[in-house]
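Subject: Structure for you to look at

Dear colleague,

I am handing over the structure below, and I would ask you to open it beside this message while you read. My notes on what was found in it follow.

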Amino acid sequence: VFIAPDRVFVSSGYGMGGAVLRMERTETGPSVSEVWFNKEMKNHISTSVYHEGAIYGFDEAIFKCVDAQTGQERWKARGYGKGTLILADGHLIVLGDDGRLAMVEANPDAHVEVASAQVLSDRCWTTPSLAGGRLYLRNMVEIVCLDLPGRH
């Protein structure tokens, strides 16, 4: 996950953890240095997203927000399993691995779920896709398209 102007967040599940790395050009060529590393965000199914100083994602089966500068946990929430998420218009669109869809504020201070609905069943490990005001979601056997109200 790119964090402008010169950082990137990388993460892995299976107990590994995540790190923010700083990239720079030096006299001898490109250089990468570790800003922080910890086990607060261990992405397994889904890539995290960055928004206004915070990294949102899944630490295995716990939905979390961590501070991008320090790696410190800001909040955590359960109930989505090993979900997936995208960022859209200041909100997180979260698809739980059980098919529950939720809209969550991209708020680094608190987990605020704005709305939710059970839209699929079975295992959902695919990240939601948003295009032209339509949200595409799928599980292992079916796909759904939701027409979202608002700006198109």
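A salt bridge here is a side-chain nitrogen of Lys or Arg within 4 Å of a carboxyl oxygen of Asp or Glu. Please keep in mind that this is a predicted model, in which a search of the whole structure finds eleven salt bridges.

One of them joins the side chains of Arg22 and Asp6, with 2.9 Å from N to O. Because Arg22 belongs to strand E3 (residues 17-26) while Asp6 is in the loop between strand E1 (2-3) and E2, this pair ties together parts that are 16 residues apart in sequence. Arg22 is partly exposed, its relative accessible area being 29%, whereas Asp6, at 17% relative accessibility, counts as buried.

In another salt bridge, Asp59 pairs with Lys64, and the closest N and O atoms are 2.8 Å apart. Asp59 counts as buried at 6% relative accessibility, and Lys64 counts as buried at 5%. Which residues are linked with these two in a network of salt bridges? The network consists of Glu40, Lys42, Asp59, Lys64 and Glu73.

Lys42 deserves a careful look of its own. Lys42 is found in the loop between E4 and strand E5 (49-51), and with a relative accessibility of 15% Lys42 counts as buried, since buried means under 20%. The side chain of Lys42 also reaches the backbone oxygen of Lys39, at 2.9 Å. If residues up to four places away in sequence are left aside, Lys42 touches several others, among them Ser11, Gly17, Phe58 and Asp59.

Turning to the aromatic rings, a search of the whole structure finds six aromatic pairs. In one of these, the ring centres of Phe9 and Trp36 are 6.0 Å apart and the planes stand at 40°, so the pair is tilted. Since Phe9 lies in strand E2 (residues 7-12) and Trp36 in strand E4 (residues 29-38), the pair ties together parts that are 27 residues apart in sequence. Phe9 and Trp36 are both buried. By contrast, the rings of Phe58 and Phe63 have centres 5.0 Å apart and planes at 20°, so this pair is stacked; Phe58 and Phe63 are buried as well. Ring pairs also join Phe58 and Phe63 with Tyr56, Trp75 and Tyr80 in a cluster.

Finally, the charged end of Arg123 sits over the ring of Trp125, at 4.7 Å from the centre of that ring.

Terms used: Residues numbered from 1 in each chain as written. Predicted model: local features only at pLDDT ≥ 70, side-chain atom pairs only at ≥ 80, totals over all residues. Heavy atoms only, no water. Phe/Tyr/Trp six-rings, centres within 6.5 Å; stacked < 30°, edge-to-face > 60°. Helix = DSSP H or I, 4+ residues; strand = E, 2+ residues; numbered from the N terminus. Buried < 20%, exposed > 50% of the residue type's maximum accessible area, 1.4 Å probe, protein only. Lys NZ or Arg CZ within 6 Å of the ring centre and 35° of its normal. Polar contact = N/O pair within 3.5 Å; in protein donor to acceptor, adjacent residues only side chain to side chain. Contact = heavy atoms within 4.5 Å.
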